[in-house]
Amino acid sequence: MMKNKKSLRRDIVLILCLLTAGLLICLTVWLFSGKGGTVVVRVGGTVVGEYSLYETRTLTLQGTGGTNLLRIQNGQAWIEDADCPDGLCIRTGKISRQGQSIICLPHQLVVEVQGVTSGNEIDINVK
Amino acid sequence: MKKIRGLMILTAILFLTGGCSGAIQSEDDSEAYRELFAMDTVMSVRAWGDQAEAAVEEAAAEIHHLDTLLSVGNPSGEVGQINRNGSGTLSEDVRLLTERSLALWEETDGAFDITVYPLMQLWGFTGDHPAVPQEDAIRETVQLCGSDKLIFQDGILTLGKGQGIDFGGIAKGYAGDRIMTILQQHGVDSAVISLGGNVQCLGRKTDGSLWRCGITDPDHPQESDRFLGIIQTEDRAVVTSGGYERFFQEDGKTYHHIMNIRTGYPAETGLRSVTIISSEGLLADGLSTACFVMGETDAVAFWRQHRSAFDMILLTEDDRLLVTAGIGNDFSSERPFTVISD
């Protein structure tokens, strides 16, 4: 009987450990899916890079026929400088929300924010 | 005792693995995605199905084909050649577009007109440096415009003196329809495309719910979570025309790219944005321009005559939001809006 009680206690400890581990894994997955904001860079439709929206970076992007200087800081991304003729990508300003993008047509460059959850999500934007 | 112990451990393991499965999406169909640059804009095609990859590949090829054919800036393309030579024998695609354009021109009482091209050139909207032209130049150019001066006979299109055509008002809509056909031929039953902001969706989402299309708010065109409203739909094209899309400023005044062919100036009819919802991309595209040019009163009257063919969302200069009855239940907005019925 004594032996049985001891083994039952061990079982409970084991189960509790498993439950805790399960909770921890779920929590991690939930946290990462919630705040996993990334900046996806595509040139001519091909993904050339993915960067965290929360890590500060300055990147020189090689577009089609020119370059754009991308800055990522404090959950925002923007084009700081570019040698395209219209400079529209610079004037677009800072992006930080799900689905927002900076487009440089001359360089066939698209910089898009993905994986940021908001309450008002859509599948596609009509412009 | 051993049984209970085993059961408890099993439960814990099930909880451990099952609790996380929600984060892993199940995929019945394979997804294919393409982003491409054509028709002076960026386009995306997203489709689900066993043959989605091949379908999307063919859709991209069709877009490039139509771009070459219809581009006014490509002198060797079909439209470029017609504009240079003053006439031409039409291919299947251009013949269909010409017929539909002439029908739209008639139905909209000239609000939609492909002969707008010389005006677009005069204002510089075909190049990088638009500017306000001289007044007498505008008057002269207006005289050149008008689809009544086009002759379309036995598959040959002949332009009037000094005329030029531009399918820019329906090209993306037509491309959308062509893509829908191609996707369906490959067994795709769920897809969503954006051709420079012209949206068209096929079927419903793979989870069975409707597509949520967020319509850009002219006051916040860059903000992706502030919309004029959200339309939930399936098997529809959703196309918006607005003066905020392409414009320039001169002497403190804003000039946009949607021309009134009668005045030769950008259409100023008290509307800021017009969104058309229709099962056909070509119609949605053409009517978004036409209804913008018509203005609120005429656009609403036009809808009443053709209410089975399309629905629309209007935003006026004085910030009233109007939605036609057919989509009254599928539209939501943080702004107050009025539903137009008969």
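Tutor: V192(B) stands opposite C201(B) in β7(B). That position belongs to an antiparallel arrangement in which five bridges join β6(B) to β7(B). This is a predicted model, with residues numbered from 1 along each chain as its sequence is written and chains lettered from A and ligands numbered from 1 in the order in which they are written. Local features need pLDDT of at least 70 and side-chain atom pairs count only at pLDDT 80 or more, while totals for chains, interfaces and linings use all residues; side-chain values use heavy atoms, with hydrogens and water left out.

Student: What makes β6(B) and β7(B) a pair of strands?

Tutor: Two strands pair if DSSP finds at least two bridges between them. Five bridges join β6(B) to β7(B), so they pair. The strands themselves are DSSP runs (E, at least two residues; helices are H or I, at least four), numbered from the N terminus. β6(B) and β7(B) form a hairpin with two residues between them, and G196(B) in the turn has a positive phi of about 60 degrees.

Student: How do you know that β7(B) also pairs with β10(B)?

Tutor: Two bridges join β7(B) to β10(B), residues 237–242, in the antiparallel sense, and at least two are required, so they pair. In this pairing V199(B) stands opposite V238(B).

Student: Why is C201(B) called buried?

Tutor: Buried means under 20% relative accessible area, exposed over 50%, and partly exposed in between (1.4 Å probe, protein chains only). C201(B) has a relative accessible area of 2%, so the word is buried. In β7(B), five of its five residues are buried. On one side these are N198(B), Q200(B) and L202(B), and on the other V199(B) and C201(B).

Student: What makes the link between T216(B) and N125(A) a polar contact?

Tutor: A polar contact is a pair of N or O atoms within 3.5 Å; within protein, one must be able to donate a hydrogen and the other to accept it, and residues adjacent in sequence count only if both atoms are side-chain atoms. The side chains of T216(B) and N125(A) make such a contact at 3.1 Å. T216(B) lies in strand β8, residues 211–216, of chain B, and counts as buried because its relative accessibility is 3%. Contact in general means heavy atoms within 4.5 Å. Not counting residues up to four places away in sequence, T216(B) touches N125(A), V126(A), K127(A), P221(B), L228(B) and Y244(B).

Student: Which backbone atoms does the side chain of H256(B) reach?

Tutor: The side chain of H256(B) reaches the backbone nitrogen of I258(B) at 3.1 Å. H256(B) is in strand β12, residues 253–256, of chain B, and is called buried because its relative accessibility is 10%.

Student: How do you know that the span of helix α7 of chain B agrees with its number of residues?

Tutor: The expected span of a helix is 1.5 Å times one less than its number of residues. Helix α7(B), residues 171–185, has 15 residues and should therefore span 21 Å; its end C-alpha atoms are 21 Å apart, which agrees. Its buried residues, including Y174(B) and L183(B), pack against several elements of chain B, among them β6, β7 and α8. Just after α7(B), G187(B) takes a positive phi of about 75 degrees.

Student: Why is D40(B) called exposed?

Tutor: The relative accessible area of D40(B) is 74%, which is over 50%, so D40(B) is exposed. D40(B) lies in the loop between β1 and β2 of chain B and has a positive phi of about 60 degrees although it is not a glycine.

Student: And what makes D154(B) exposed?

Tutor: D154(B) has a relative accessible area of 75%, so the word is exposed again. D154(B) sits in the loop between β4 and β5 of chain B, with a positive phi of about 50 degrees although it is not a glycine.
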